[in-house]
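Try each task before you read its solution.

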Amino acid sequence: MGAEDKTRASGDSPREASGAILPTVNPDVEKAQPAKSSVHPALYVVCWIGLSSSVILFNKWILDTLNFRYPVILTTYHLTFATIMTQILARYTTYLDGRKTVKMTGRVYLRAIVPIGFFFSLSLICGNLTYLYLSVAFIQMLKATTPVAVLISSWALGVSQPNLKVFLNVSIIVVGVIIASIGEIKFVWIGVIYQIGGVCFEALRLTMVQRLLSSAEFKMDPLVSLYYFAPVCAVMNFVVALFWEIPKCSMEEVYHVGLLTLFLNGLCAFMLNVSVVMLIGKTSSLVLTLCGVLKDVMLVVASMIIWGTQVTGLQFFGYSIALGGMVYYKLGYEAIKGYAGEAGRQWAEFGNRQPVLRRVAVILLALLTVFVLLGGLAPASGIDPKDYLHEAKSKIGFS
């Protein structure tokens, strides 16, 4: 048998090359696929940092600047607002569909949700009371001890086993905060006690939530958690406010703040929880950690600009140690080393692509550093940032 005969032994006629070729995919199915989200993850990061910072500054402005010195009433309002909004979202949107997978019963609610809500209420009350005595900058420095409190509470409640190496790592945070506290000019003991209490209550709450979420039956995102926790927290806060602040508060003081201002304040606090859900779904734990550090630094600077808070060089030194210790505790040395190397390569590539923008970024960072350092030296040199702000306003015609 010849070579040509071996190529085709059957009696079938050969296929013509010009025949139609069937498609391997259905074009209609491809068209029906939803388009990918065009929103860049950086937008979620900006929204979360903006809302988180705004809530803190907004609360400080209402409680201190507008002299509405009723933090429990304000907290009760926030939780009532959150309760109403989560009920609306549960009824008319899909944002809270995750609650359908949670096997919530009356017994679970009383044994798990109510105790967590109790500590949540205490942390919110103590956190808002602190604004009456301390600056936003110093409050953020004290909040850096939260990872330490969470670690100790997790050991106390048996969620994790004690580890000396981990304890020594987080001790760096405590040392940094102690140094920052020594450098604080307006140190008020009652405010520090309230803030430490708020940190401890928040640590207990987070540990109890961690233990609850360890079961697959109770996995929930922050918005679903708010759906369950907000009502019981609102009731607890209302009981406290009923005996502590409501008898002293008048409607004139409420109108002085403004109903629109209060509405925007409640909306801002609620949207923060929505932004957390969006951010978690679009980024990683690394991004959350670094964004938290960036937000804290921005709040310190904002406190200096808005209220003229004087921050000493010793405080900057101590706070830098605390922030560095927090990042090291959450990420670890190897992860930090890898991310630092990658960041260096990305920065070098950015300089090659956009040399002008890189120079502008360096100049802006240098100017910000000089401003912060000048603000930190204000107590020693008699420089008050408020004087410069008032002088600048008068020169451009603002009263």
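**Exercise 1.** Classify K60 as buried or exposed, then find its salt-bridge partners and trace the network.

*Solution.* 
Step 1. K60 has 5% relative accessibility, so K60 counts as buried. The cut-offs: buried is under 20% relative accessible area, exposed is over 50%, and partly exposed is in between (1.4 Å probe, protein chains only).

A word on the source: this is a predicted model, where local features need pLDDT of at least 70, side-chain atom pairs count only at pLDDT 80 or more, and totals for chains, interfaces and linings use all residues. Residues are numbered from 1 along each chain as its sequence is written, and side-chain values use heavy atoms, with hydrogens and water left out.

Step 2. Look for a salt bridge (a side-chain nitrogen of Lys or Arg within 4 Å of a carboxyl oxygen of Asp or Glu). K60 pairs with D64, with the closest N and O atoms 3.1 Å apart.

Step 3. Check the spacing. Both residues sit in helix α3 (residues 41-65), 4 residues apart, so about one helical turn separates them. Helices here are DSSP runs (H or I, at least four residues), numbered from the N terminus.

Step 4. Move on from D64. D64 is partly exposed at 29%. D64 also bridges to R69, with closest N and O atoms 3.9 Å apart. R69 is partly exposed at 35%.

Step 5. Join the pieces: K60, D64 and R69 form a network of salt bridges.

**Exercise 2.** Which residues does the side chain of E245 reach through backbone nitrogens?

*Solution.* 
Step 1. E245 lies in the loop between α10 (222-244) and α11 (251-257).

Step 2. E245 is buried but has none; K248, the nearest side chain of opposite charge, is 6.3 Å away. For charge, Lys and Arg count as positive and Asp and Glu as negative, while His and the chain ends are not counted.

Step 3. Turn to the backbone. A polar atom of the E245 side chain lies 3.1 Å from the backbone nitrogen of V72. The E245 side chain also reaches the backbone nitrogen of I73, at 2.9 Å.

**Exercise 3.** Where does F201 lie, and which residues does F201 touch beyond four places in sequence?

*Solution.* 
Step 1. F201 belongs to helix α9 (residues 189-213).

Step 2. F201 is partly exposed, with a relative accessible area of 23%.

Step 3. List the contacts (heavy atoms within 4.5 Å). Leaving out residues up to four places away in sequence, F201 touches F119, L122, S123 and C126.

Notes:
Helices (H or I, at least four residues) and strands (E, at least two) are DSSP runs, numbered from the N terminus. A polar contact is a pair of N or O atoms within 3.5 Å; within protein, one must be able to donate a hydrogen and the other to accept it, and residues adjacent in sequence count only if both atoms are side-chain atoms.
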